[in-house]
Amino acid sequence: MTAIKSYLGWAAIAAAVFLFAWNVQGWRYEAQLAELKAQHSLELAARMTDVAHAEALARQIEHELTEAMEVRDRETQEQLEQITITERLAADQRVRDAAKEYATRYRRGVALATAAAEREAADTAIRMFAELLSQSDGLAGIYAAEADRSRVAGLACEAAYDAARGRSMVR
């Protein structure tokens with residue numbers, strides 16, 4: 001019986017040592033787990049800060065590009081208005097000059113004509129040529145103005161593309 005008590009005593013001591021070691025090991029694992037959680041929280045906070053900085057940078061770049069595009073749009077509109085004004089003035093002057101030239105040329109012929117019918121035919125020819133010239137010049141002005149508008153718009157588009165592309169390649 002003493003042998004059984006002795007085994008039971010040793011078994012109780014072994015069980016106590018085992019339970020104590022189990023608890024100590026649990027505390028160590030809990031401490032390691034707490035340390036890993038803290039480290040993970042720090043890394044997560046650093047990454048969230050990096051994400052916030054990247055978002056702020058993206059918003060800043062977008063804002064700068066938007067401002068640059070708005071400036072280009074205003075400049076383009078001003079150029080288009082100036083082109084329209086210049087084209088109208090040039091077309092008016094061309095029509096006036098051509099009408100004067102035709103009138104001068106055919107007045108000489110009319111002055112030499114003695115018959116009223118010949119004068120009337122010459123006046124009709126002058127009016128017809130002046131009208132044709134006016135229409136042709138008007139159409140030429142429309143085409144030239146549209147070509148100028150297209151050119152300015154195309155250059156503005158290219159500038160916006162180059163600015164956006166250059167900006168993305170720099171960063």
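Here is a short tour, going from the whole chain to single residues.

This is a predicted model, where local features need pLDDT of at least 70, side-chain atom pairs count only at pLDDT 80 or more, and totals for chains, interfaces and linings use all residues. Numbering starts from 1 along each chain as its sequence is written, and side-chain values use heavy atoms, with hydrogens and water left out.

Switch to a surface, and the chain shows about 13700 Å² of accessible area, 63% of it from carbon and sulfur atoms (Shrake-Rupley, 1.4 Å probe; for residues, only the protein chains shown count as cover). Of the 171 residues, 12% count as buried (under 20% relative accessible area; exposed is over 50%, partly exposed in between; 1.4 Å probe, protein chains only).

Now select Thr 76, in helix α1, which spans residues 2-112. Thr 76 counts as buried because its relative accessibility is 10%. Leaving out residues up to four places away in sequence, Thr 76 touches Val 152, Ala 153 and Ala 156 (contact means heavy atoms within 4.5 Å). Across the chain, 84% of the contacts with a separation of 6 or more join residues 24 or more positions apart.

Next, pick Ala 68, also in helix α1. Ala 68 is partly exposed, at 26% relative accessible area. Draw a distance from its C-alpha to that of Ala 159, 91 residues apart along the chain: 9.8 Å.

Last stop: Ile 13, in helix α1 too, and partly exposed at 46%.

Note on methods
Helices (H or I, at least four residues) and strands (E, at least two) are DSSP runs, numbered from the N terminus.
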